[in-house]
Amino acid sequence: MSVRCQKCFRPMDFCLCKYTSEIDSGVKFVFLTHPKEYRKQRTGTGRLAKISLKDSEILVGVDFSENSRLCSLLSDEAYFPVLLYPDENAWNAKKEGFSEALGSKKILAILIDATWFCSRKILEHSSFLLDLPKMTFLGVYRSIFTFKKEPRPECVSTIETCYYLIRELQDAKLVSQETNPEPLMTVFKQMIKDQIRAENERIAGLRPNTHPNDWKYTKMREMPKF
Ligand SMILES: [Zn+2]
C-alpha cells in the first residue's frame, strides 16, 4: 500500500495538489459522498473539486435527512439551494425567471459525488433532496474522461459539472466573470493523464497489475493531447 497524500488522497507520486488553486467562484458547492467511496473512489473528482473551490465542502453519508450541516445550510436564508440533477423543470443559468428567483442569494449547489450505484443509494435514503429546486445545464457536455464507466456517455464528472456550472453562470452574468474556472479542468486533465500513465505502466509490468485477467487492462492507451 503506497503512501497517500492526505489532502487529495492520491498516491504521493501522483499528488495533484500542486495543480489546484483556490477558485472563488461565487457559488457555494456541497458534495455529498457515500461513505464507501469517500476515500476509495479511484476516479472520483469530488475531492479535487473541493480542494480547487474556495467555498466548498464534502459531506459523507447515505441518509442526509438529519445531517446537521446540510440542514443548517438548507435553512440559511443567504443561500438559494439547488440539486444538480437533470429534470425537465430544472433551472438553468439562463432560464426565464431564474435570476429573479435567485435575487441576491448565493447559489448553494448540491452535487451527489458518487458512482451511479451509490448515487442511487443516497437518493433512496435522502429522497428529500429530490424536492429541492433542481438545476441543470443549458449546454450539452460530454466528459473528457472516457474510461469512467458510467451508464450514459453524457455523464460528466463532478469536477466538470462545477466547471460548466460556473461557466454558464458567468455567461448569464449571475456570478463574477473575473474568476477563472480553468484550473478545474487543468487538474482534471492531469488526473486523467496520471491514470493512463499508471495503467500503461501496469500493462508494461512496471507496476503490479491488480487486474491481470481483465481485458480492459491489457491494451495500452494513447496519451490524450491536452
Ligand atoms: Zn495531494
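Modeller: Helices are DSSP runs of H or I with at least four residues, and strands are runs of E with at least two, numbered from the N terminus. This is a predicted model, in which local features need pLDDT of at least 70 and side-chain atom pairs count only at pLDDT 80 or more, while totals for chains, interfaces and linings use all residues. Residues are numbered from 1 along each chain as its sequence is written.

Colleague: What span should the 14 residues of helix α5 have?

Modeller: The expected span is 1.5 Å times one less than the number of residues. For α5, residues 158–171, that should come to 20 Å, and the end C-alpha atoms are 20 Å apart, which agrees. Just after α5, Lys173 takes a positive phi of about 60°.

Colleague: What covers the buried residues of α5?

Modeller: The cover includes β1 (28–33), α1 (46–52), β3 (79–84), β4 (106–112) and α6 (182–203), with contact meaning C-beta atoms, placed from the backbone, within 7 Å. Cys162, one of the buried residues of α5, touches Phe29, Ala49, Leu53 and Leu184, not counting residues up to four places away in sequence.

Colleague: Which residues have the most contacts inside the largest nonpolar core?

Modeller: In soluble globular proteins, nonpolar side chains tend to be buried together. A nonpolar core is a set of buried Ala, Val, Leu, Ile, Met, Phe, Trp, Tyr and Cys residues joined through C-beta atoms within 7 Å. Here the largest has 42 residues, and those with the most contacts inside it are Phe29, Ala109, Ile110 and Cys162. To this core α5 gives the most, with seven residues.

Colleague: In what order do the five strands form the open sheet?

Modeller: Strands of a sheet pair through backbone hydrogen bonds, either parallel or antiparallel. Pairing requires that DSSP finds at least two bridges between two strands. In this model the order is β2-β1-β4-β3-β5, with parallel pairing, and the edge strands β2 (56–60) and β5 each pair on one side only. Helix α5 packs on the sheet, touching β1, β3 and β4, and its direction makes about 155° with that of β4; axes are lines fitted to C-alpha atoms, for helices over the stretch in contact, and angles run from 0 to 180 degrees between N-to-C directions.

Colleague: Is Met135 buried or exposed?

Modeller: Met135 counts as buried because it has 25 C-beta neighbours inside 10 Å.

Notes: Buried ≥ 20, exposed ≤ 12 C-beta atoms within 10 Å, placed from the backbone. Contact = placed C-beta atoms within 7 Å.
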